[in-house]
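Visitor: I'm new to this one. Can you put it up and walk me through a few spots?
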Amino acid sequence: MSEMLREPAGSRQGRAGRSARSRSRGRPNGPNGAARGSGPGRDRDRDRERDRDRGRERDRDRDRDRDRGRDRDRDRDRGRAGPARARVLRCRQAALQTDIRDYSAILAVCEGADCVFHVASYGMSGTEQLHKKEIETVNINGTRLILNACKQQNIPRLVYTSSVNVVFGGLPIEDGDEESLPYFPIDKLVDHYSRTKSIAEQMVLAANGSALEGGGILHTCVLRPPGIYGPEEQRHLPRLAKIIERRLLSFKFGDPSVKMNWIHVENFVQAHILAAEALTPEKNYIASGQVYFIHDGEKSNLFEWLTPLFERLGCSKPWIRIPTCLVYASATFMEHLHAILRPVVDLPPLLTRNEVQNISVTHTFRIDKARAQLGYRPQKFDFADSVDHYIESRPQPSNYQLFLNILLTLFVAFILVFLSSKLDNLSVLHYFKGRH
């Protein structure tokens, strides 16, 4: 999602008007400030009039609060509806959405903005990772349009949300940093999402220092978050919950010592705001042309980290450990099967190859650079709180969905049993290394 934060002129005028009206109510009427009438009756009338004015003002405030709530609900619904939406937030007062693939619409919503937060993407996880055409049109073409719009509309700052997947492709990384880690070879990445995010990130960095049409310079920077969690996050937690409820994650794989990072949505927002500030002359443009890893400052094993989710869903934690190579082979098979059957039926894979790599291979990163240059200070959050919020707010599944879940569980179990008889001597890490 691509966001531009600004305050429209209308909102400033509205506030000025309200302030002027409130001041005028407190002034005496008549020439030279003298009251037009006097006496206890006239005073009571004025008091009643002021009370009515205050009541009407409170009613208007309540209406505005309800409108903001409806706007937030619409934004949330629109964010769930499609992959290529671009949302514009104007100083938290108004929200506009458009298609990031529609250049004329992007130009319209960028008008008057002085910073763009380009967080729009498609294909992050699940079945979406297999839709190559959509991934490319959003992640690469959409980024190109955003860059062009910044130049044409004289927007001097662009913060791009990338991914740790631009440097991680299945080989272990422990406390990696921005200076020592090169881009993972694009042709060796197993998913199109990671390939397109790498290309788009390099496009954004190459645009740093570009001239704006009206004069001035475009300053860009890149943030590389891991998986995101928190209230209203619609990617990782809902998908993991569905897999667990279907009893499709009744097994473990990967070494127990495997670690990864996560980032809470509030830390995610904090990093973006700090990055935007670091692209200003007041901060000496310190972030211009830079990349930063960002996360919560902690590392954890996925299966241990998911304990609160298993408990709240009433499911036991997985205790059966199966070879990672078996899971990887199953993911490969399901991806091919999905491609074959997609014209007829959309059969989602349990896990994609990229997701198997993310779960089974350590990849952790340092955030020292973001701390030092941006002033990034991640807050501490409990994943259990996000789980509670999700459980309380999610819709209940229908009986039809439950039936489909059972069928899918039986099908995947059959595939795993079949593959286990064929591939029990393979090592997934050996397979990854053999590809490089």
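This is a predicted model: local features need pLDDT of at least 70, side-chain atom pairs count only at pLDDT 80 or more; totals for chains, interfaces and linings use all residues.

Visitor: OK, helices. At what angle do α10 and α11 pack?
Guide: Helix α10, residues 324–341, packs against helix α11, residues 353–360, at about 160°. Their axes are 8 Å apart.

Visitor: Which residues make the contact?
Guide: From α10, Thr-324, Val-327, Tyr-328, Ala-331, Thr-332 and Glu-335 take part. From α11, the residues are Arg-353, Val-356, Gln-357 and Ser-360.

Visitor: How many of those are nonpolar, polar or charged?
Guide: The contact of α10 with α11 has four nonpolar residues, four polar and two charged.

Visitor: Now the loops. What is the phi of Glu-232?
Guide: Glu-232 has a positive phi of about 75°, and it is not a glycine. Most residues other than glycine have a negative phi.

Visitor: Where does Glu-232 lie?
Guide: Glu-232 is in the loop between β8 (227–229) and α6 (236–245). Its relative accessible area is 34%, so Glu-232 is partly exposed.

Visitor: And what about the phi of Tyr-285?
Guide: Tyr-285, also not a glycine, has a positive phi of about 50°. Tyr-285 sits in the loop between α7 (265–277) and β11 (291–293).

Visitor: What is the relative accessibility of Tyr-285?
Guide: The value for Tyr-285 is 32%, so Tyr-285 counts as partly exposed.

Note on methods: Residues are numbered from 1 along each chain as its sequence is written. Side-chain values use heavy atoms; hydrogens and water are left out. Axes are lines fitted to C-alpha atoms, for helices over the stretch in contact, and angles run from 0 to 180 degrees between N-to-C directions. Helices (H or I, at least four residues) and strands (E, at least two) are DSSP runs, numbered from the N terminus. Contact means heavy atoms within 4.5 Å. Ala, Val, Leu, Ile, Met, Phe, Trp, Tyr, Cys and Pro count as nonpolar, Asp, Glu, Lys and Arg as charged, and the others, Gly among them, as polar. Buried means under 20% relative accessible area, exposed over 50%, partly exposed in between (1.4 Å probe, protein chains only).
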